[in-house]
Amino acid sequence: GLFNDLKFQTPIVGLQISKDLKHPPHRSLSEYMSHVEEYYKIKEMESGYEKKRIYLSTYDPKLLNKLKHKYPNYEIISVVDLPKKFSSQEDNANRTIHNIIIDLYFLSRCDYLVCTFSFDMGRMAYEMMNTLHPDAPIRFTSLDGIYNYPGKMRRLNVAVIPHEPTENGEIELQQGDLISLSNNHRNGSSSGTSLRTHQTGLFPSFKVTPKVETKNYPYYPAAVGNNDKV
């Protein structure tokens, strides 16, 4: 199967790079990899790991070799490594669809996802990840926008480090404050609204962490009235 063909093993980080790094918006490979390396640093402190692995999803076939050359201490796998199941030119469309499906499947099964939510591939992989991991909201980093869709519920973050504004447009944070996140920026800042002060503005992204909201559902015997008959 594909798991054996690709040698897919955990722990592994899904790396989705949607565009050629040479074209706008200009995001360097090191910018993506800084988040991958941060994941493995935390993993090492928590439980350790045998090998650092990456599953790469990209439209640029040259990027795989570039990544392997620049980061030789990583084991990097990609659908690009798979034998071509569609060899004729007229089947290029089928091959593309086939690869997209494989990429989505494996990205959603990675332990962590580094992507861009401005691109459909990153959002869909994250949505699929939510069906597998209840804590999916803390298993990803998006280099641009936050996860967004029409009619979505607010996305809450909780402040873990206090913050006093030092520049115009920043808001105060106290430890434990809940912030409704509106966007994150590539300069290390995020924007949102404090539910305590009702102020909207910027704050350092590293001073907050996603809040996983849960709902308590009654067990089945409690959901059925004592006098109800099943």
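## Basis of the model

Two strands are taken to pair if DSSP finds at least two bridges between them, and the helices (H or I, at least four residues) and strands (E, at least two) are themselves DSSP runs, numbered from the N terminus. The model is predicted, with local features needing pLDDT of at least 70 and side-chain atom pairs counting only at pLDDT 80 or more, while totals for chains, interfaces and linings use all residues. Residues are numbered from 1 along each chain as its sequence is written, and side-chain values use heavy atoms, with hydrogens and water left out.

## Strands E7, E8 and E9

Strand E8 (residues 189–194) pairs with strand E7 (residues 178–184) in the antiparallel sense over 5 bridges, and Ser-191 is the bridge partner of Asn-183. E8 also pairs with strand E9 (residues 200–204), again antiparallel and over 5 bridges, with Thr-200 as the bridge partner of Thr-193.

E8 and E9 form a hairpin in which 5 residues lie between the strands, and His-198 in the turn has a positive phi of about 65 degrees. Because 5 of the 6 residues of E8 are buried, this strand is largely enclosed by the rest of the structure; buried means under 20% relative accessible area, with a 1.4 Å probe and protein chains only.

## Helix H2

Helix H2 (residues 29–46) has 18 residues and reaches 26 Å from its first C-alpha to its last, close to the 26 Å expected at 1.5 Å a residue, where the expected span is 1.5 Å times one less than the number of residues. Gly-48, which follows H2, has a positive phi near 80 degrees.

The buried residues of H2 include Leu-29, Met-33, Val-36 and Tyr-40.

How values were computed
Buried means under 20% relative accessible area, exposed over 50%, partly exposed in between (1.4 Å probe, protein chains only).
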